[in-house]
Amino acid sequence: MKAARAVRVPRTQVTSRVNTRLVSGTGNVKSSVAASDVWQPLSPAATPRKALNAPLSKLPLSSVLRSLLVLSVSSSPLLLKPCIYTLSLLAHPRSALWDVSKNPLLNFMVKHTIYKQFNAGENKVEVQKSIQSIKDLGCRGVLLGYAREVLVGENDDAAYDAKAALAEIQMWFDGTMRTVDMAQEGDFVALKFTGMGTDALRLLQKQAPPTEFMNTSIQKVCDLAISRGVRLLVDAEEQAVQPGIEAWIMKYQKYCNSQTPGRAIFYGTYQGYLRSTPATLARHLEISRSEGYTLGVKLVRGAYMKTEPRHLIWDKKEETDQCYDEVVEALLTRKYNSMLQHPSKDSSLTLPPVNVIIATHNRESVRKAHAIRVQQAARGEDYGVDLSYAQLQGMADEVSCELLQGFESAEASVGVTPMAAPNVFKLLTWGSVKECMGFLLRRAIENTEAVGRTKDSQLAMISELKRRIIGDSK
């Protein structure tokens with residue numbers, strides 16, 4: 001997939017000058033994007049009302065109804081706790097009654113509700129059908145992941161079995177190769193190194209290098225991805241294993257990205273809620289500069305609030321927001337700032353080449369990133385940063401659709417856009433219903449920290465359903 005390039009367009013056609021914040025309610029006064037003059041792609045008056053007010057009109061009715069059901073549970077503290085308890089029973093069944101692989105009725109109920117909301121399917125036919133439906137909405141592609149994984153603390157007391165360890169790696173390898181084969185050119189495949197089993201987990205905890213068999217398996221995955229034009233990204237995990245994961249990521253970033261000058265094939269994930277993230281990212285940028293490849297960066301806020309040592313995380317949500325937004329600003333402008341500082345006085349003030357995935361459900365952060373791109377387009381600048389946006393399938397669909405809607409509205413109104421359409425991706429996980437239960441349980445736990453955000457998504461779905469019943473206002 002080609003990187004989106006800024007296109008200079010006469011300002012009188014598509015932009016209006018404003019001396020105000022593009023994003024309302026931002027608490028980040030240090031951000032130049034939050035406080036500076038910005039060029040908006042199109043004035044609200046020039047955009048069709050239907051397009052402005054109905055970003056979710058793209059979704060099929062079945063998706064709206066299912067989303068409303070799931071979001072209503074997720075946004076209710078009263079309902080969410082029993083939901084988490086039930087998912088925990090399904091993820092770790094103590095009897096056949098609660099085992100989705102042994103109870104056909106339970107399997108059917110789960111598959112056609114919460115599983116279908118967040119997952120791509122159980123086989124290649126189902127997965128590719130899901131991918132096509134995402135692309136039919138206007139998204140550029142998907143981030144596709146294989147659900148199987150091993151969690152920290154799982155089987156810690158089990159005796160080491162070399163034969164079983166090799167079988168776990170082989171199972172991960174087979175599943176990952178199938179995932180790359182399902183993906184299409186330009187798509188991403190999400191990897192979890194812990195999916196290779198307890199042996200990999202032990203090595204990552206010790207920050208030890210992969211075994212020869214693991215290394216060979218990972219390199220074969222990389223080779224297949226490069227040959228198919230598919231990109232790879234490694235998810236962040238708990239700090240008990242994350243330093244080890246980062247060491248492996250840098251090893252395979254060099255292996256992959258050195259083969260594709262100017263383009264990242266292999267990406268790492270950085271969590272904005274960690275105090276150490278700016279320094280870690282700055283260090284990795286300098287490594288990529290010195291070794292001559294483009295760094296792939298996926299930036300998330302973080303998903304392990306309940307289990308991480310609290311002192312590693314910013315004290316307040318506002319600090320996490322500031323870290324996230326200022327790191328994004330530095331990456332997109334390729335300039336170090338007060339948050340993402342250059343690691344030494346001898347370092348260049350300009351960041352090395354970087355490809356970025358802004359993976360967030362936070363509307364404000366998405367709008368701020370979009371404002372930077374609009375500014376760059378209005379000035380005819382091209383910083384050469386390949387930018388993608390990503391949200392989980394079934395979550396923050398209104399954010400994804402708003403991104404797509406803004407560009408389509410401009411094009412429909414004046415026949416041009418101020419810049420190339422954004423690269424919007426949806427994250428999908430595939431695997432059997434049984435394999436996906438751990439993933440679904442984590443999504444529910446994650447929502448305990450974001451009930452307010454989930455409530456916003458629920459209200460957006462309610463508004464869309466009302467619009468379809470009553471009709472567009474005139």
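Trainee: What share of the 474 residues of the protein counts as buried, and how is that term set?

Mentor: Of the 474 residues, 54% count as buried, where buried means under 20% relative accessible area, exposed over 50%, and partly exposed in between, with a 1.4 Å probe and protein chains only. This is a predicted model, in which local features need pLDDT of at least 70 and side-chain atom pairs count only at pLDDT 80 or more, while totals for chains, interfaces and linings use all residues. Residues are numbered from 1 along each chain as its sequence is written, and side-chain values use heavy atoms, with hydrogens and water left out.

Trainee: Why is Thr280 called buried?

Mentor: Thr280 has 9% relative accessibility, and because the limit is under 20%, Thr280 counts as buried. Thr280 lies in helix α12 (residues 277-291), where helices are DSSP runs of H or I with at least four residues and strands are runs of E with at least two, numbered from the N terminus.

Trainee: What does Thr280 touch, not counting residues up to four places away in sequence?

Mentor: Thr280 touches Glu246 and Tyr270 on that count, contact meaning heavy atoms within 4.5 Å. Thr280 and Tyr270 are 10 residues apart in sequence, and their C-alpha atoms are 8.5 Å apart in space.

Trainee: Why does Ala396 count as buried?

Mentor: Ala396 is at 4% relative accessibility, which is under the 20% limit, and therefore counts as buried. Ala396 sits in the loop between β10 (386-392) and α15 (397-414), and has a positive phi of about 55° although it is not a glycine.

Trainee: How do you know that the reach of helix α14 (residues 363-378) is close to the expected one?

Mentor: The expected span is 1.5 Å times one less than the number of residues, and for the 16 residues of α14 this is 22 Å, while the helix reaches 22 Å from its first C-alpha to its last.

Trainee: What makes α14 mostly covered, and what is found at its start?

Mentor: In α14, 13 of the 16 residues are buried. After α14 comes Gly380, whose phi is positive, near 70°.
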